[in-house]
Amino acid sequence: MRMPPFELHTPSSLDEALSLAGDLQQSNQEFDWVAGGTDLLPNYKWHLNAKPHVISLAGVPELSELSETHIGAMVRLQDLADSEVVHPLVAKVSSMVASVMIRRSGTVGGNICLDTRCFWFNQSEEWRESIEWCYKCDCGTGADCRVIPNQNTQCVATYQADLAPVLMCLGATIHLAGPSQSRSMPLTEFFELDGITRNVLTPGELVTHLTLPDDVSEWRGDYQKLRQRESWDFPEAGVAVLWKSGPDGSPSDLRVATTGLESIPGFHSAEAIAALTGWNGGPSVDELAEAVRKAVKPVLNTWYPPSYRRKMVKVLTKRASSGLLEV
Amino acid sequence: MSEDKDRVEGYRQQSGKLPFSRPGSGGSRKMSEPRDEDKIANIRGNGGHKHDDVVTGSAVGRPTALIDGRWKVTGQAQYGDDVRLPGELVGRIVRSKHHYARVLSIDVSAATELPGVVAVATGQDASGRFGVLPVTKDEHAMAQEKVRHVGDLIACVAATDEATAREAVRLVEVEYEELEAVHDMRQGLENSEEPIHDRGKYHIGASNVQKRVFQEFGDIEGMSANAVVSHNSNWLFAGANHGFTEPHAVVANWDPSGRLTLYTPQQVPHYVHRALADVLDIPMHQINVHRTFVGGGFGGKSDPFPHEMCAAILSRKTGRPVRINFDREEVFWVNRGRHPSRIGMNLHADSKGRLCGIETDALIDGGAFASFGHVTTYYNGVLHTAPYEIGAFHYTGARVWTNKPASGAMRGHGAVNSRCAVEVGMDDLAEQLNVDPITLRLANLLPPHSATITGFRVTSIGMRECLERVRQASGWDDKFRKLPDGHGIGIGCGFFISGSGLPIHWEPNKFPHATVHLKIDMDGGVTVHTGAAEIGQGSDTVIAQSVAEVLGLPLDMIRIRSRETDTSPVDLGSYSSRVTFMNANAAISAAMEIRQELLEAAAAATDAPIERLVIGDRRIYRKDDPAVGVSYLEALHKAQEDKGALVSSGAYRTPPMGRVHKGAGAGIAPAYSFSAYVAEVKVDIETGQTKVLKVWAAHDCGKALNPLSVKGQIIGSCHMGLGQVLSEEMKYGRNGHLINPDLLDYKIPTIHEMPEIVPIIVESNDSEGPFGAKEAGEGPLLPILPAVCNAVYDAVGIRTSELPITPDRVHRMIEARCKHEGVTPLDLSSPELHHSELQEVLEARASEHASRDAMRATDPDPSDYNNGALFGFDPEIPADEQDERWVVSVTPSSDYMESPRLAGSAWKHTERRHGGDS
C-alpha cells in the first residue's frame, strides 16, 4: 500500500493554518486537514478521494485545550479517556474507540468528522475498479451506489464514530473556524444527511473545539456499543441515553442519540420526549427502545446485517437506559 | 593450566594442541557424575520405547525456548520482506478485475515506456503448468488464456521503485471477454458451458467438479435399521484465511554464475523448487530456494505460488534481483485457506449406544485452482473414521472449482469442518439417548494398536486420558447441563494425522520422507542440515533437541542449517504435521550413527567395553564406574583421528500401511494425535454474542519433546479455531466479490476475545515416534470448534449448523427457538439431562474398555484389533472379511444414484474418457 504523493503543510498556529487553507482555496487546490491521521491515511493508502495537499494540525497548539466544558479538537482520544475533568461518560466512550494505539493518535475532532464507511468503499483501488467504482468515490465515472443501486442521488455509507451521540446528548456546541469566519452551532445541527459531505463544514473550515453547557455534570447515562470484537472494531450500532433526574428519582429530562446506523448520527428528541411524557419506568423504556429501533434505517454495508443491527438498537437502548430503572 | 593437573583417567590430551578443548564445548565437569535419573525425561511410560537407550536427559522433555527466538525478538530475523539485494527491482502484479474472463489482449506498451520500468512479463514468458500436487497441475505463472477470479495474475512489471511499479501496473491495458462466473459451490456441480478448467480426458462431465470421492465401509444397510437415534444436520462453513502476520514476499536473483536463488518464506521449499524448474524450464540443480524466516504459515505458504514464478521470470528478463511484496489484500487473493463447505452429517446410534453409522456428504468450494484440494476432498471424510469404533461409514465428497480465490490447506487440513459436524452430532446423540456425552465417547473408542474401518493403522491412542483429564479439570460433572441459563459447557474431540503417510512426489519406498545430515568438526559443535522448514512452530528447535539428546550436548552446541535447498537434504517441509515425527526421527538416526562412533572412540580410549559406556553431559563414561571416562571432545577427537569431521545421514520413511482400495492412501499416517477440549461459554441471550470464558485443552502428542512449544501450539490452535467458530469469515458480496480482504473486516479474535486456556499435555508414548512423540501443530485446533458449539447448546439450547457463530446468526436461532416455544429470549430455559438406563451400560463399557486399552498400550506385541469388534466380530480379522453385509466400496451404486446427496450428485457425471470423448 502506498499513498499517492501529496504536499504536507505543517502550520504552527491556527491563523497560519487558516491562511494556508485560504491560499489553497484561492488557487483552487484541493486539500484535507489531518489530525491524528488514523482514518485519513489508511483511506489515502486505498486512494480514496486523496487530495494533492494535506494540512497537518499537529503543530497547532490552540486546539488541545481540555476542561469539563471545553474539548479541543486536537485532544487525543486516549487523553480524553484518561481525563478526570471531563464527564465520566465522555471518558468512557472515548476509551471504547478502536484500540489504544489508535486512540493515542486519533483525536476528538477526527472522531467527530470521521469519514463514513461502507464495504463497497473502504477497499483498495484495484478492488474498487473491479466493481467499477461506487458513488462515494466514482473516479469521474459517475458510478452508481453499490448498496442501493439505481439511486444516484445520495451516498448511504455509514457514520461509525463513537463520540458524537454522547456529546449530542450532553448538549455540546461545536465551534468551527474558516479562512473568512468562525461560527458555532449545536452539535446536533452539525451533521447533514449525506454519506459524502456528512456535515456542514465548508471547504477550508475546520472544527476547533466543542463546548459543553454548565449543567453537564447533572447528566447521567450510558453508551452501548455493538461490535464483533472488543477492540479495533467500529460501532455496528451505538446508543447513548442520558438523563437528568428529578427530585422523585424519575427522569426530568431525557436524551437519546445513536451512531453506526446511518450516514450521520441520529438525535432522537421526539422519541425521548414521548417516553418522558407520562414516564412509567420499565414500560417507558421499552417504548423508547422500540421507538428508537423504528427510527433508524441501517443498510447493508457494514459487518452485521441491517436487520440485526436494527433489532440490537432496541436491546442497546434498553441497556443504556438501565440506570433509569435503578432506584 | 590447572585443568591439566587433575585430568581424568583415560585418553590423555596433549596440552596446548587442542584449542577447542575448553569448558563449554568440552563440558565443565572434570569428573563424571552418575546421571541424575530424575533429569532423564520419563518416556518409558507404556512399556518402553525404541529410543529409550539413547536418552541422555540433556534436552528432550524440558520446556525449551525456541532457538531462533532471540533472532526474532531482537529484530534480526530476516523475513521475506527484509531481504535486500544490491540493484534490486520492485515487482508488482497486474491482476484480473473480473471473476471469469478470457484475456483477449494485453497491451504493455505504455507500461514499458514509463521511465523506471525495466521489464514487463506476461503469460507468454512462461507457459509451464504447475500445482502443488502432480495430479492436478492447473496453475500458471500468469494467465495463459483465461483469468479465473478477481485478483488472478495477468502480467507483472519490474521497476526501479515501488511507486513506478504501481504506476506501471495501472498502465497495462487488458482487454477481456467476460464469461459467466460460478460463485455458488452447488452450481459447480452442474454442467457448464465453459468449465473453469479443462482436464481433458479426466474432466468430469462438463462440470466444475475437480475431485469426487465415494466411500462405503461397513454395514451400510444396517446403519438406519439398527439405529434407535439419529442426528441429521446440514452445515454451512464459511471460508477462512490463515491470517498469518507476514504477507507473502519473495526475492528472485539470477546470479552471475547463472543460477537462480529464490528467497521466500516457504513452508515447502522443495515444491517451489520443483515448480520453478517446470515453469522456467531449467534443471533443478540450477535453482537454490532460500527459505527466509517465515512470519506464520499455517498451510498458507505451502503451495508453490505464481508470484514466486513472476519474480523469477522478471529477474531472468532483467538480470537483476526482483522483489515482490504483497499487500494484505493480495494475501486474500492468493488465499489457499479453509474451504467454504456444505457438509451433511448423519450419525446413527444403536440401542447399546454404539455408533452404528456415520454418513457424511461434503461439498467443498475449491475456488479457482486445485491446490491441495484432491487431498482435502478425502480428508473431509476419512479423518473422522476415528477415534470412535463405528458400524458403517458412508462418505461422499466433492470439490468444485468456482471463481473465487483458491482454497487449500489450512491448519487441520480438511479435517476441521467435518470434525466439528461429527462432534456436534455426538453431542446430539448423547442428548437424544439421555446420556453424558463424555461417557458416550469413552464407551466407543478404538483401542491402541487398532485399525479403523477404512484400514488406517492407529498405534498409540491417548484419547481416553484426554477425555478423562478435561472432564476432571473442568469440573464437568458439576457443570454440564447444570449451569445457569445463558452459561454453558461443551466437549469436542479431535483426531489428526501425524505426518502424511504418502510423499506427494514419489513412492514411499523409493525415497525417504525425511533426511537429516550431521557434521561435527574439531570444535565439537554439531551442524545439522535439514530441509524441515522452520515456520515459527519450533521445527529447528525440536531437531536440535533431538540431536542434543542423543549426543548428550547442550542445545547451544547444535546449529541448524535448514534454509537452503543447496545444502539441505530434500525434504517435504512443514505441512501435514510431519516435522517432529519424521525429521526428528531422521535426526535421531543420524545422531545415533555418530553416537556409535563416539562410543567406540571412548571405548578405545578407556578400555571399557562399549556396552558399559553411557553418555552424560559432554562426557562418556562407564556406567558402573563414572570415574572412568572421557570428555565429549576427547572422544570426538579420538574418533576424528583417521577421517576428520564426523558426518552422518539419517532418514525416515513410513512403514507399509493401509489397505488397497482407491484412495486408501489418503489419511494414512505413521501415527495419529488425539485431543479433547472442554469449553465454557456465556451467551448473551438478547444479542446472541458468545463469550468463551475458559478452555481446558488436553492433547495427546505422544511425548512432549518441548512442553513449552506444545502448550504454545495448543493455545495458538485455540485462538485460530476460536476465530473460525466465532468471527472469521471470508464474506462474498452479492456479485461474488470478497468484501473483507483486510484485517479490520476479516475478524481475527483479539486478546479481549481470548479466554484462559488450560493446556493439558497427554503422553501416550508412540512406539514409532521420536522419543514417543507425535504431532501437536494441527490436531489441537480441531476440538475447539465443536466444544464451543456444544457449549452454546448447553447455554441456550440452540444447535448451530453454520460457522462462524456470529451474534447475528445466534440471535436468529434464538429468535427461532423463542418463536417455536412462544417465549421471550429471557425466558428461554437451557437443556436438561436426566440419565437414561443406557448411561450405566455405557459407564460399564467405558470402564471395561479402559482396562482393555491399558493392557494393549503396554503389551509389547498386542494382537490385531480391527474396527468392528465392538459389534461382535472377531477383532483379529477385518469385519468385511467376516460378514458380507460389511462392504468396501469406492464407487456409487445405481441405487445410490437414484437419490444422491448434494456432493454425491457429482457422480452423476461421466468422466470424459469413460464417456467416449477424448
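In helix 14 of chain B, the residues Ser539(B), Val542(B), Ile543(B), Ser546(B), Val547(B), Val550(B) and Leu551(B) are in contact with Val579(B), Thr580(B), Asn583(B), Ala584(B), Ala587(B), Ile588(B), Ala591(B), Met592(B), Ile594(B) and Arg595(B) of helix 15 of chain B. By residue type, this contact between helix 14 and helix 15 of chain B comprises 12 nonpolar, four polar and one charged. The model is a predicted one.

The geometry of the helix pair was also computed. Two packed helices are described by the angle between their axes and the distance between the axes. Helix 14 of chain B spans residues 539-551 and helix 15 of chain B spans residues 579-606; the angle between them is about 30 degrees, and their axes lie 8 Å apart. Because angles under 35 degrees count as roughly parallel, helix 14 of chain B is described as roughly parallel to helix 15 of chain B. The two helices of chain B cross in a right-handed sense.

In chain A, an open sheet is formed by four strands in the order 4-7-5-6, with antiparallel pairing. Strand 4 (70-72) and strand 6 (182-186) of chain A are at the edges; each has a single partner strand, so one side of each has no neighbour in the sheet. From one strand to the next, the twist averages 25 degrees.

Strands of a sheet pair through backbone hydrogen bonds, either parallel or antiparallel. Strand 5 (residues 173-177) and strand 7 (residues 206-211) of chain A run antiparallel and are joined by five bridges. Opposite Val207(A) of strand 7 of chain A stands Leu176(A).

Key. Residues are numbered from 1 along each chain as its sequence is written. Chains are lettered from A and ligands numbered from 1 in the order in which they are written. This is a predicted model: local features need pLDDT of at least 70, side-chain atom pairs count only at pLDDT 80 or more; totals for chains, interfaces and linings use all residues. Axes are lines fitted to C-alpha atoms, for helices over the stretch in contact, and angles run from 0 to 180 degrees between N-to-C directions. Angles under 35 degrees count as roughly parallel, over 145 as roughly antiparallel, 65 to 115 as roughly perpendicular and the rest as oblique. A crossing is left-handed if the near helix is turned anticlockwise from the far one by less than a right angle, and right-handed if clockwise. Two residues are in contact if their C-beta atoms, placed from the backbone, lie within 7 Å. Ala, Val, Leu, Ile, Met, Phe, Trp, Tyr, Cys and Pro count as nonpolar, Asp, Glu, Lys and Arg as charged, and the others, Gly among them, as polar. Two strands pair if DSSP finds at least two bridges between them.
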